Amino acid sequence: MTNVSGEEFLNKLYTVVYKLYTIAKTQSDRFEKEWGENFSSLKEKPHLVRSIKVEKDKFLSNLDYRIKVLNIIKISFEDGFHSIKSLLTALYNSYFEDSEIFIKNFNEEDRIILKYFVAKEILGNLIQYNQLDHETVPLKYNILARNYLLIKFKDQKTTEIIDNLKKINIQLKSNQLKTYMHEVASDGFITKVKKGKSLSYSLKKELELSEEGKKTYNQTIRSLVDWPTLFYRSYYNVRELNVTINEDSKYQEFLNNVLQKAATQGYVACHYVFKNLVEYYEKLKEE
């Protein structure tokens, strides 16, 4: 961890704030454009990430302005979560629910595959998001998304799948899991394997679209499906703030403890860092 002075930290903070503005603006514009091209006929609207273009001199010198900017960024981290949720809602509540564009674009077999494939591409990549949101995507798709690579590699026992789901805060009893796995088996992707008293699952069919389906997917919703992972990995990354303030200053220990969290990528860590930076500058303001 780098040691910096208070002034160096403030300049570093401005650089991160400006970087976040650029990402939020670029990614929101892209998200809105792709949504308009693919989902204009759906009832859902995209939740966009707010951004604030920061005046450097004002940010460095004016405490009230700095607090306002940091507060907006803290809320923008929440926006990012809701942007991903709005996409999953549009996909699983409207687009995949036999919407005209879905039926027109994909044959029946590809339509079944896509519901699982998209869950794997979004929820399989975004473990931390998946820990926070289990309501938006129907559970059978999420269960296969979470366990697909494991089952592909080696037959998975009921207990192993249950333990793996606990890591994303999904608690299921074995009889509940069996009900969901029966639905996945009925869709043709897995097979039940009985070994003595224990029940395992093996992969029967990979999540592969037909050649025509792949082509259509690449031309239509692929950019939207790729968006959450690209956005999450770029926006929820403030590692530049993982520094130690090396001079005696007020609430130095508090600030350094907060900045340690910046080493971790993801929504939870970023939200925590900016929420506490607001608190830190509000404490200074009260002096």
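**View 1. Lys-285 and Asp-64 meet in a salt bridge.** Their side chains come to 2.8 Å, N to O; a salt bridge here is a side-chain nitrogen of Lys or Arg within 4 Å of a carboxyl oxygen of Asp or Glu. Lys-285 sits in helix H13 (residues 267–286) and Asp-64 in helix H3 (residues 63–95), so the pair ties together parts 221 residues apart in sequence. Helices (H or I, at least four residues) and strands (E, at least two) are DSSP runs, numbered from the N terminus. Lys-285 is partly exposed at 48% relative accessible area, and Asp-64 is too, at 46%; buried means under 20%, exposed over 50%, partly exposed in between (1.4 Å probe, protein chains only). This is a predicted model: local features need pLDDT of at least 70 and side-chain atom pairs count only at pLDDT 80 or more, while totals for chains, interfaces and linings use all residues. Residues are numbered from 1 along each chain as its sequence is written, and side-chain values use heavy atoms, leaving out hydrogens and water.

View 2. Lys-25 is partly exposed at 38%.

**View 3. Glu-208, Glu-211 and Lys-214 form a salt-bridge network.** Between Lys-214 and Glu-208, the closest N and O atoms are 3.2 Å apart. Lys-214 is partly exposed at 30% relative accessible area, and Glu-208 is partly exposed at 45%. A search of the whole structure turns up 16 salt bridges.
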